[in-house]
Amino acid sequence: MSRFRGQSGLRPLDRVITPRPLFFPVIKMGIYLFTPEDLMRYGSARPEQLEVLREAILGKKDILIVGSSRSGKTKLVEALIHYIPNDWKVAVVTSYSEFKPFKPNVLVIDTQFDQRPLGVRTAEVIEKLRRIKPDYVVIDALHTVDSARIFRELIDEYAFIVTSLAMNEDIRSEVKHWLRLDEETFKKFDVVVLLKRDFRTGKKMIDRIYRVVDGSLVEVV
């Protein structure tokens, strides 16, 4: 929705094991972080795909990232945050401390299941977001909060990046199922990114990028 508005000689416990790169790496405080350059380096994104996403970010477009389990949704979010200017505030809604605040302008709201109803946890997150007044809101938590409610209530105030499961290529029905979005809410997204994971090799990549035009998905790259 348009708006004006990041060996030898070592004891066994000291050994550093370098994982096989499946999506992209930069290391900080012992955690792998991911940049757009890493996406290209490992063949997980093409330059023209990243340029579409960079322009979308700078235009404060609402972006939906979908893919199967372990397809790299959170890692792509990390990479895209590198495109967000340092003087913009980014609020990330995550679950069980999965997302790390790797840039000074990134604020993390951690969520988890507790004895409170879903609606109470969600209202608390909405209140925190309104206090932060971010330029971008990232929702990377599927079940611990009502993502659709957060998006509906705040879409006219902030730009969004939202992740969702999609176990097949029927993106609309998958997103409506997993995020509990209605048709009108789905139409408010500007860009949809479909991720793909090769289950034989483990390689993860951006498969397609769509623009949302009157609720229909129009492939861009």
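Before we turn to that part, what does the accessible surface of the chain come to, and what percentage of it belongs to carbon and sulfur atoms? After that, please take me through the open sheet.

Modeller: Bearing in mind that this is a predicted model, the accessible surface of the chain comes to about 11300 Å², and 53% of that surface belongs to carbon and sulfur atoms. Of the 221 residues in the chain, 48% are buried, and the secondary structure consists of 7 helices and 10 strands.

The open sheet contains 8 strands with mixed pairing, in the order β5-β4-β6-β7-β3-β8-β9-β10. At its edges stand β5 (106–111) and β10 (216–219), each of which has a single partner strand, so one side of each is left without a neighbour in the sheet. From one strand to the next, the twist averages 25°.

Within this order, strand β6 (residues 136–139) pairs with strand β7 (residues 159–165) in the parallel sense, over 4 bridges, and I139 has V162 in β7 as its bridge partner.

Strand β8 (residues 191–197), also part of the sheet, contributes 4 residues to the lining of the second largest pocket, which is the largest share of that lining. This pocket holds about 200 Å³ of space and is lined by 13 residues, with S68, E169, L195, K196 and R197 lying nearest its centre; by class, the lining has 5 nonpolar, 3 polar and 5 charged residues.

Technical notes. Residues numbered from 1 in each chain as written. Predicted model: local features only at pLDDT ≥ 70, side-chain atom pairs only at ≥ 80, totals over all residues. Heavy atoms only, no water. Helix = DSSP H or I, 4+ residues; strand = E, 2+ residues; numbered from the N terminus. Buried < 20%, exposed > 50% of the residue type's maximum accessible area, 1.4 Å probe, protein only. Areas by Shrake-Rupley, 256 points an atom, 1.4 Å probe, with all protein chains shown as cover. 1 Å grid on protein atoms, 1.4 Å probe; cavity = no way out; pocket = protein on both sides within 12 Å on 5 of 7 lines; lining within 4 Å. Points joined across faces, edges and corners; volume = space filled by probe spheres on them. Nonpolar A, V, L, I, M, F, W, Y, C, P; charged D, E, K, R; others polar. Pairing = 2+ DSSP bridges. Axes fitted to C-alpha atoms, helices over the stretch in contact; angles between N-to-C directions.
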